[in-house]
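Please look at the model below.

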Amino acid sequence: MWQESGACDGVDSGAPDAMAASALNATSMSPNASMHDFLTCPVCGTGFISTSSHRHRIRFTCSNTVSNSMTCATSSCQFDVTVNDENAPKTCSDMRGVLARAYDEHSSVCCGLLCFRVAEEFDGRRNLVAGCGTCRANVVVLSGVSGNL
């Protein structure tokens with residue numbers, strides 16, 4: 001699965017190395033929320049992943065789309081992937097497992113750090129891709145389907 005190919009092509013994922021590893025860690029702002037309710041976005045490292053479902057499809061999106069009317073600034077993460085629910089993760093806890101497997105498989109063959117990005121295919125599918133600048137890996141971690149919910 002982990003082969004030399006084109007990785008992140010030396011492009012920073014936008015998230016510092018420490019943030020990339022924190023994508024597996026749950027961070028909660030509410031003392032009543034379960035640790036498994038939150039998942040840091042693996043792409044930007046600052047937003048949280050949420051899920052929605054409709055007609056056998058599950059959509060994973062990042063909360064990091066913020067508009068600030070005081071500064072007219074907008075920051076937006078590209079993590080927005082829709083999957084069929086048959087063999088795909090259904091919850092943030094499932095997604096945490098997908099990311100953990102990617103980290104585990106990669107660390108068994110390389111000491112470099114993974115960075116995640118969303119790659120849009122010519123037919124409209126958006127995939128979550130893990131890449132490494134050290135070993136030049138470029139692996140689809142989550143395969144999307146065409147269209148959103």
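F60 touches I49, S50, T51, F79, D80, V81, V83, P89, K90, T91, M95 and L142, leaving aside residues up to four places away in sequence; contact means heavy atoms within 4.5 Å. The model is predicted, so local features need pLDDT of at least 70 and side-chain atom pairs pLDDT 80 or more, while totals for chains, interfaces and linings use all residues. Residues are numbered from 1 along each chain as its sequence is written, and side-chain values use heavy atoms, without hydrogens and water.

F60 is also among the residues with the most contacts inside the largest nonpolar core, along with C41, V43, I49, F79, M95 and F116; this core has 29 residues. A nonpolar core is a set of buried Ala, Val, Leu, Ile, Met, Phe, Trp, Tyr and Cys residues joined through side-chain atoms within 4.5 Å. Helix 2 gives the most to this core, six residues.

The buried residues of helix 2 are C92, M95, R96, V98, L99, A102, Y103 and H106 (buried: under 20% relative accessible area, 1.4 Å probe, protein chains only). Seen down the helix axis, they fall within an arc of 160 degrees, so they line one face of helix 2; the arc is that of the directions from the axis to the C-beta atoms.

One aromatic pair is counted, with ring centres required to lie within 6.5 Å. Y103 and F116 form this pair, edge-to-face, at 5.7 Å centre to centre and 70 degrees between the planes; edge-to-face means over 60 degrees. The pair links Y103 in helix 2 to F116 in strand 6, 13 residues apart. Helices (H or I, at least four residues) and strands (E, at least two) are DSSP runs, numbered from the N terminus.

Conventions
Buried means under 20% relative accessible area, exposed over 50%, partly exposed in between (1.4 Å probe, protein chains only). Rings of Phe, Tyr and Trp (its six-membered ring) pair if their centres lie within 6.5 Å; planes under 30 degrees apart count as stacked, over 60 as edge-to-face and the rest as tilted.
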